[in-house]
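This briefing is meant to be read alongside the sequence and the coordinates of a single protein chain.

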Amino acid sequence: MIKKQLQILFVLLALIAASCGTTKNTAKQADPLKITVDQNQDFAKVLESLPYVSDVQEIKGNDFFENTYEIRVEQPLDHKHPEKGSFKQRVFVFHKGFDRPALLVTEGYQAGYAKNPRYINELSPMLGSNEIVVEHRYFAESRPENAGWEYLTVANAAGDHHRITEIFKNLYKGKWINTGISKGGQTTIYHRKHYPNDVDVSIPYVAPINFAVEDPREEEFLRHVASEECRERILDYQHMVLTVREAMMPGFKKYCEEKNFTFNIPMDAVLDYCVLEYPFAFFQWGYDCDEVPQGDVVQKLLDHLLEVSAPDYFAIEAKKPTEPFFYQAAHELGYYGYDTKPFEDKLSIPDAKGYLLQIFSPVGDSVEYLPESMIEVDEFIKNHGDRILYIYGEYDPWSASAAVPGDNTDHLKIVKKGGSHATRIQNLPEEQKQKVYKKLSEWLEMEIPVNK
């Protein structure tokens with residue numbers, strides 16, 4: 001009898017233990033990013049109730065939105081190893097309505113521009129959406145303290161955007177779109193590759209996919225872009241600048257002194273690199289070939305060089321805010337090279353190989369380029385990149401390494417004829433613009449107000 005009672009007691013204790021264990025495991029499995037939000041309270045209170053959100057400050061925003069806030073979101077330094085520490089990422093929230101779509105802007109650099117009361121992404125009025133602008137990790141006010149460069153990776157940045165998407169899906173339960181321009185456009189693609197179900201549609205603008213620290217495709221592109229007459233005029237201009245180098249140098253140095261610029265290469269080399277950069281900058285920003293000076297008037301040649309390809313780009317002071325990008329370019333993203341062959345007898349430098357590490361890299365040549373990241377991104381674009389709208393400018397050198405989506409993917413790729421790096425939906429020709437509206441209406445199952 002006693003033995004049987006003991007057996008019953010053991011069974012009861014086992015059931016209680018199992019019940020406690022189940023409760024404990026359920027608690028462990030609860031998603032800390034998921035909460036229930038009271039939408040009737042003040043929007044600042046709504047933001048403060050969100051997980052990992054702090055420093056909620058209301059700012060003046062574009063009148064299109066109901067509320068605009070600057071906040072901080074706690075992010076792990078390493079999303080695979082959160083125990084390594086965390087940092088706060090700057091985020092801007094533009095609230096239109098809980099029933100509206102959410103536009104996630106995956107900025108590739110700093111996002112301070114979002115504090116301008118006139119700022120608005122062109123897609124927000126088009127979609128009638130809320131907007132969330134995320135400053136990229138390691139830039140401006142989103143730079144971790146006392147953290148090495150090893151946490152600045154494509155995967156970790158994608159993890160940042162995934163966490164923010166998960167947090168704000170507590171508020172916005174409709175359609176989600178991510179977008180970005182240039183490096184921000186790259187970041188849009190990376191986010192979609194690593195977390196394909198976070199958003200319904202991706203819209204990367206002018207986003208290159210490079211496969212080397214000095215990807216040769218941009219050099220080849222510049223040998224054939226636009227008309228032969230235009231390219232010859234540019235080449236003649238470059239040769240003339242180098243020919244009158246001695247006469248130009250006093251004015252060139254004066255400009256740098258007035259700007260308080262310093263360099264880690266000799267001034268002659270700075271001028272060389274400005275000349276080598278010139279055609280890339282010229283076509284990237286859409287200058288007209290008629291603007292290229294002819295003849296040997298030194299001041300005219302110098303003024304044009306300072307307008308199109310100024311030494312600012314190579315100055316220590318000017319590149320400081322963007323040094324995280326140059327680390328990324330050298331480590332995973334890749335970049336472009338310079339063709340020095342046409343000027344071998346006029347340059348002060350033997351060649352331009354390795355210039356990214358020599359001039360821009362914050363860690364010198366100790367960084368190792370890992371091609372796997374971009375190879376994986378390219379594979380995703382070719383085989384799995386559905387509902388992605390790619391936008392490029394025909395004359396933009398970054399289009400040389402544009403995304404190449406596979407025929408079996410549901411995508412739309414728009415290339416504006418003669419377009420530059422400033423190509424946007426609103427400045428597309430009407431026929432291409434209508435293609436964009438039609439495709440977005442199909443993907444998002446909503447009517448796009450084409451008149452906005």
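The model is predicted, and its protein chain has 15 helices and nine strands. Of the 452 residues in the chain, 53% count as buried, and the C-alpha trace spans about 110 × 50 × 45 Å along its principal axes. Among contacts between residues at least 6 apart in sequence, 70% join residues at least 24 apart.

**The sheet**

- The nine strands form an open sheet with mixed pairing, and their order across the sheet is β1-β2-β3-β5-β4-β6-β7-β8-β9.
- The edges are taken by β1 (53-58) and β9 (411-416), and because each of these has a single partner strand, one side of each is left without a neighbour in the sheet.
- From one strand to the next, the twist of the sheet averages 20°.
- Strand β3 (residues 86-95) runs antiparallel to strand β5 (residues 130-134), to which it is joined by four bridges, and within this part of the sheet Phe92 stands opposite Val133 in β5.
- Strands β8 and β9, by contrast, pair in the parallel sense over six bridges, and the bridge partner of Tyr392 in β9 is Val415.
- In a regular strand, side chains alternate between the two faces of the sheet.
- Strand β9 has a covered face made up of Leu412, Ile414 and Lys416, whereas His411, Lys413 and Val415 are on its uncovered face.

- Two packed helices are described by the angle between their axes and the distance between the axes.
- For helix α4 (residues 154-168) and α5, the axes come within 9 Å and cross at roughly 75°; the two helices are therefore roughly perpendicular to each other, since angles of 65 to 115 degrees count as such.
- On the α4 side of this contact are Val154, Ala155, Ala158, His161, His162 and Thr165, which meet Thr187, Tyr190, His191 and His194 of α5; by class, the residues divide into four nonpolar, six polar and no charged.
- The axes of helix α5 (residues 183-194) and helix α14 (residues 372-383) come within 10 Å and also cross at roughly 75°, which makes α5 roughly perpendicular to α14.
- Here Ile189, Tyr190, Arg192 and Lys193 of α5 meet Met374, Glu376, Val377, Phe380 and Ile381 of α14, and the contact comprises six nonpolar, no polar and three charged residues.
- Tyr190 takes part in the contact with α4 and in the contact with α14.

**Helix α8**

- An α-helix has 3.6 residues a turn, so residues three or four places apart point the same way.
- Buried in α8 are Arg245, Met248, Met249, Phe252, Tyr255 and Cys256, and what covers these buried residues includes α7 (228-243), α9 (267-284) and α10 (298-308).
- The helix is followed by Asn260, whose phi is positive, near 60°.

**Individual residues**

- Which residues does Ser129 contact, leaving aside its neighbours within four places in sequence? They are Phe64, Phe65, Lys96, Arg100, Pro101, Leu103, Leu123 and Ser124.
- Ser129 is placed in the loop between α3 (123-127) and β5, and it counts as buried because its relative accessibility is 0%, where the limit is under 20%.
- Asp55, which lies in strand β1, has a phi near 55°, a positive value in a residue other than glycine; with a relative accessible area of 40%, Asp55 is partly exposed.
- Glu445, in the segment after α15 (430-444), likewise has a positive phi near 55°, and at 64% relative accessibility Glu445 counts as exposed.

Key:
Residues are numbered from 1 along each chain as its sequence is written. This is a predicted model: local features need pLDDT of at least 70, side-chain atom pairs count only at pLDDT 80 or more; totals for chains, interfaces and linings use all residues. Side-chain values use heavy atoms; hydrogens and water are left out. Buried means under 20% relative accessible area, exposed over 50%, partly exposed in between (1.4 Å probe, protein chains only). Contact means heavy atoms within 4.5 Å. Axes are lines fitted to C-alpha atoms, for helices over the stretch in contact, and angles run from 0 to 180 degrees between N-to-C directions. Angles under 35 degrees count as roughly parallel, over 145 as roughly antiparallel, 65 to 115 as roughly perpendicular and the rest as oblique. Ala, Val, Leu, Ile, Met, Phe, Trp, Tyr, Cys and Pro count as nonpolar, Asp, Glu, Lys and Arg as charged, and the others, Gly among them, as polar. Two strands pair if DSSP finds at least two bridges between them.
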